[in-house]
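Take a walk through this structure, one stop at a time. Keep the 3D view open as you read.

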Amino acid sequence: MFIKLLSDAIGFSAIFLYGSTGETIIEKSGHLNLGIPGIMCFGAVGGCIGADMAYKAGMGAFGTVFFGILFAMLFAGAMGLLYGIFTISLRCNQNVTGLTITTFGAGILNFWGAIVGSIGVFAKPSLYFTTSIFGEVGNDWFSQLFLSYGPLVYLAIIIAIVVSIVFKKSRTGLSLTAVGENPAAADAAGINVIKYKYVSCVLGAAIAGIGGMCYVLDYSAGSLEYIVDQLGWLAVALVIFSLWRPGIGILGSLIFAFLYLLPDQFLPKYVSMNAATSAIIKIIPYAVTALVLIIISFFNKRETQPPTALGVPYFREDR
Amino acid sequence: MINNKIHEPLFHLTKRTSVNAKRAWALRCGAFIVSILLCAIITLIIVELNNQRLVSEGKAVDPYSIGQYFDDFFTGAFGTPKVVWGLFHETAILLLVALAVTPCFKMKFWNIGGEGQILMGGLGAAVAIQFMSGKASNASTIIVSIILAIAFGVVWAVIPALFKAKWNTNETLLTLMMNYIAICLVDFFISSVAVRNQTGKLNFLNWPGTVPPIGPADFAGRTYILKIVIVAVITTIIAIYMKYSKHGYEISVVGESPNTAKYVGINTKAVIIRTLVLCGVMCGICGFLLVSATSQTLNTESTVGGRGFVGVLISWLAQFNPIFMVLVSFLVVFIQKGSAGVALWQDGFNATSYSSVMTGIFFFLIIAVEFFVNYKLIFRSDIQAKIDNFNGKIKFAFTKKKNAEGSAILQDTNGEEQVEEAQPQIVEIESPASDETEAKEEE
């Protein structure tokens, strides 16, 4: 039974992991994108449209999944580009732009969902996302824990690992960190700050967008539910929780998913639960994140701080 | 004269040193009109696509036109007296939220926790009403619910302020988390109380101890007028507080330049905490008005319903000026209500989400226009023209000078000296010209 919960949590954690990996990439470039919830909603819309079209065109598992991911990335990436244009080129306030994108994106998802209908509309294409990529898996704990997921879950972990390696080991990653810490110094060192910022805004948004699609097509098996933006805020929280490291984010997303599923899906089977207790347990991920935030500011260690230039627009001519 | 190898970008930006108020407002009004038209065009396209879908499903559809759109839009916003009062009421509520967060933003304290602070205020009011209604007198219930609402709101606003003041904790993220903790706490309260009354929902409709409607029964604004008056008073107080009080000045100094604040002896920590207490008080009042007067219920979806975030946007777009905020929040509510009116007549349109999409479009355009208010684009061709003009004058002056010198030197028999003297002259005159271009690029 515990294995079942854990495997559910791993499946669910992919949503957080996409969102937080994407947001980490954006925050590393010095941009606090509060539009991630809206961008994930956009990804959900795009992913559903892409997967549905590919499915109706008679493409197989690979085509459906591929076009789902492609469209999710395109839709979300477009919003990332919009965010980039507003905050990088037009130097608008990042919080204001982000909140607008969240309002807009959540509105788009709900509006679109109300038109296409909600329950089980994408059930058929979503089959390709939910069935394990290893085909039939056994009932033993190993296969249940490691082999029973659809392609998106593995992709999330791969992306997180790749991103964390890029951050740590590659020249690009180090330059990106420099841009987020001190853009003026990075600029003086010959790093193309504007290019780095744009690429990370678009790429981060595109990755986060897959998370939105992952919720609709993988976790809820093709039914549109309107909690994608809520999950998006948790993904933003997870970035802090993981101290801007996607590697820790893999573990963090698992913990978040576990805590998220705990009150509704797991505890009721063992102890009698009422809505009040479950509401209290739901506080845990947020409270823990707030605590992490306070603790890292209390110890004030350089390695665990947010990027120094986070939220500060860069204008080369400024002094 | 100019080194042609230097890559000159197509245009570059300069920050406007002074903002021309007329031009700024013309731009903003233009953005508003464009956003309304854009909303209309997008809606027409969506309705057309939706109608095609409905026809293919064999349903009958009415033809739709831009005239119909604006008809529905204005009916939604100004249709009946009650609707108009509702419009002003919603404006007042959004204005109150925007006012609450304004001092924080002016101080560059990014409080995006308005949502949670208002919800906690609402929770305070709900606790008082739930446990006192009917048992105590109406007046005492109302007073206790105001006090509890303000206390809850203040606690929720002051926690991030304390951590910011003490350890410089990132307030954007902390207030964001506290929003969700507030939602969970409210859920806890609702579910632990609602189990008892078997409905699963809290409902205080017309309970004794809530704020009653005011005025005769046929007065359309009887449930709204009180809140509009309260918000008008608060707006005036905040406008005066921000502009004329010492506190207001300290807030703007802390926001503009923390170092200045430090060296002139302003206690930054105290200012942060004091300002957030003020914000909490206003959020608490807002929560009280929403729970005890407007909706007379408490739930996590629609009681606050994203107003905390919209308030942030309004405050920023109005440049933290309370008077402009009245206008901006009115425009936002106008678009929200009008869009809801449009959505009402369309099959499959969800009014809430449709109006938030339209509001989003409006915000995007207004935000973008702020760029053109604050920055100036200078195109390559403009600079080249200016440089050529400038160099032309220099050349002219130089030739004149050279001619004068030449005639003087003619008397001298040594021609080589003439070249040696003229050469540094060219360098000297050339350098201010190239300095000038560099200075222009730097601007």
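Start in chain B, where helix α1 (residues 21–56) packs against helix α2 (residues 66–78) at an angle of about 120 degrees, with the axes 10 Å apart. Helices here are DSSP runs of H or I with at least four residues, strands are runs of E with at least two, and both are numbered from the N terminus. Axes are lines fitted to C-alpha atoms, for helices over the stretch in contact, and angles run from 0 to 180 degrees between N-to-C directions. The model is predicted: local features need pLDDT of at least 70, side-chain atom pairs count only at pLDDT 80 or more, and totals for chains, interfaces and linings use all residues. Side-chain values use heavy atoms, without hydrogens and water; residues are numbered from 1 along each chain as its sequence is written, while chains are lettered from A and ligands numbered from 1 in the order in which they are written.

Which residues of α1(B) and α2(B) make the contact? From α1(B) come B:I36, B:L37, B:C39, B:A40, B:T43 and B:L44. From α2(B) come B:I66, B:Y69, B:F70 and B:F73. Contact means heavy atoms within 4.5 Å. By class, the contact has 9 nonpolar residues, 1 polar and no charged ones. Ala, Val, Leu, Ile, Met, Phe, Trp, Tyr, Cys and Pro count as nonpolar; Asp, Glu, Lys and Arg count as charged; the others, Gly among them, count as polar.

Move on to helix α3 (residues 81–106) of chain B. At 1.5 Å a residue, its 26 residues should span 38 Å, and its end C-alpha atoms are 37 Å apart, which agrees. The expected span is 1.5 Å times one less than the number of residues. Yet α3(B) has a kink of about 25 degrees at B:A100, shortly before the proline B:P103. Such a bend is the angle between axes fitted to the seven residues ending at a residue and the seven starting there. Of the 26 residues in α3(B), 19 are buried. Buried means under 20% relative accessible area, exposed over 50%, and partly exposed in between (1.4 Å probe, protein chains only).

Now cross to chain A. Most residues other than glycine have a negative phi. A:L243 has a positive one, near 55 degrees. A:L243 lies in the loop between α11 (228–241) and α12 (246–266) of chain A. Its relative accessibility is 18%, so A:L243 counts as buried. A:W244 is also in the loop between α11 and α12 of chain A, with a positive phi of about 60 degrees. At 3% relative accessibility, A:W244 counts as buried.
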